[in-house]
Amino acid sequence: MSQPILQAKNVWKEYGDVCVLERINVAINAGEFVTVVGASGCGKSTFLKLLLGTESVSRGELLLDGKPIPQEPDEHRGIVFQKYSVFPHLTALGNVLLADEFAQSPWLGKLFGAAKKQAVDRAVAMLERVGLGHALNRYPSELSGGMQQRLAIAQALMKKPRILLLDEPFGALDPGIRGDMHQLIRELWLQQGLTIFMVTHDLKEGFALGSRLWVFDKSRHDPQSPQRFGAQITYDIPLQGGKLKAEDALRLSPEPKTEQ
């Protein structure tokens with residue numbers, strides 16, 4: 001049996017006397033799509049930060065490929081937030097191109113010649129992949145909310161991460177646009193072999209999208225000291241429905257619907 005891509009072994013996260021997460025024990029195989037639900041403030045986004053490496057565990061072990069997870073973000077882990085994480089002064093192409101420019105030229109942040117052409121070709125292909133091929137030279141202020149979120153996803157995928165972290169990425173979108181984004185993310189999940197963790201407040205969305213659903217909640221309570229105990233994964237539900245939807249996604253058009 002292959003080794004899980006990620007493992008949490010008795011993971012706790014505390015800030016002083018405040019316990020946010022406690023006794024997290026879970027293993028995730030490559031290619032799973034884990035949706036995460038729970039009440040506000042129960043540690044869902046904190047767990048994503050642990051996976052990203054912007055926060056460190058207080059106790060226990062969080063392992064990537066059997067080794068302690070790097071304590072800073074790297075190319076293996078991409079993230080998309082609810083608030084669009086794009087640079088307003090750059091075009092769509094410039095936003096996506098930036099990842100390659102800084103990776104290959106960290107001091108100048110610029111590429112030239114053949115390296116520039118290759119990077120531009122990759123960025124254009126990624127923007128076309130997320131349905132923004134017609135908007136290469138538009139600035140974020142000229143894009144709709146759904147288009148800005150597509151741009152943020154393209155940014156996150158440019159470095160070909162193995163793990164994609166989504167922190168309520170569709171919460172600010174209208175229902176119709178959310179449906180388009182659901183289709184897009186399912187296609188990307190399957191076609192790129194991603195392992196995805198997505199935090200959502202929408203239980204229906206959690207059941208519809210993932211192959212596995214986690215519920216974060218506190219199983220221990222102290223009325224005199226409500227911050228004493230942290231949240232755990234109280235339910236870990238395999239979703240056959242999510243797998244069926246994923247199979248349906250294979251039959252979808254390779255190009256997602258384009259917003260005008």
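This is a predicted model: local features need pLDDT of at least 70, side-chain atom pairs count only at pLDDT 80 or more; totals for chains, interfaces and linings use all residues.
Strands of a sheet pair through backbone hydrogen bonds, in either a parallel or an antiparallel sense. Here 4 strands form an open sheet with antiparallel pairing, and their order is β2-β1-β4-β5. The edges are held by β2 (18-28) and β5 (67-68); each has a single partner strand, so one side of each is left without a neighbour in the sheet. Within the sheet, strand β1 (residues 6-15) runs antiparallel to strand β4 (residues 59-64), and 5 bridges join the pair. One point of contact to look for is W12, whose bridge partner in β4 is R59.

Helix α1 covers residues 44-52 and is mostly covered, with 7 of its 9 residues buried. The buried residues are K44, T46, F47, L48, L50, L51 and L52. After α1 comes G53, which has a positive phi near 100°.

Helix α5 takes in residues 175-192. An α-helix has 3.6 residues a turn, so residues three or four places apart point the same way. The buried residues of α5 are R178, D180, M181, H182, L184, I185, R186, E187, L188 and W189.

Key: Residues are numbered from 1 along each chain as its sequence is written. Side-chain values use heavy atoms; hydrogens and water are left out. Helices (H or I, at least four residues) and strands (E, at least two) are DSSP runs, numbered from the N terminus. The expected span of a helix is 1.5 Å times one less than its number of residues. Buried means under 20% relative accessible area, exposed over 50%, partly exposed in between (1.4 Å probe, protein chains only). Two strands pair if DSSP finds at least two bridges between them.
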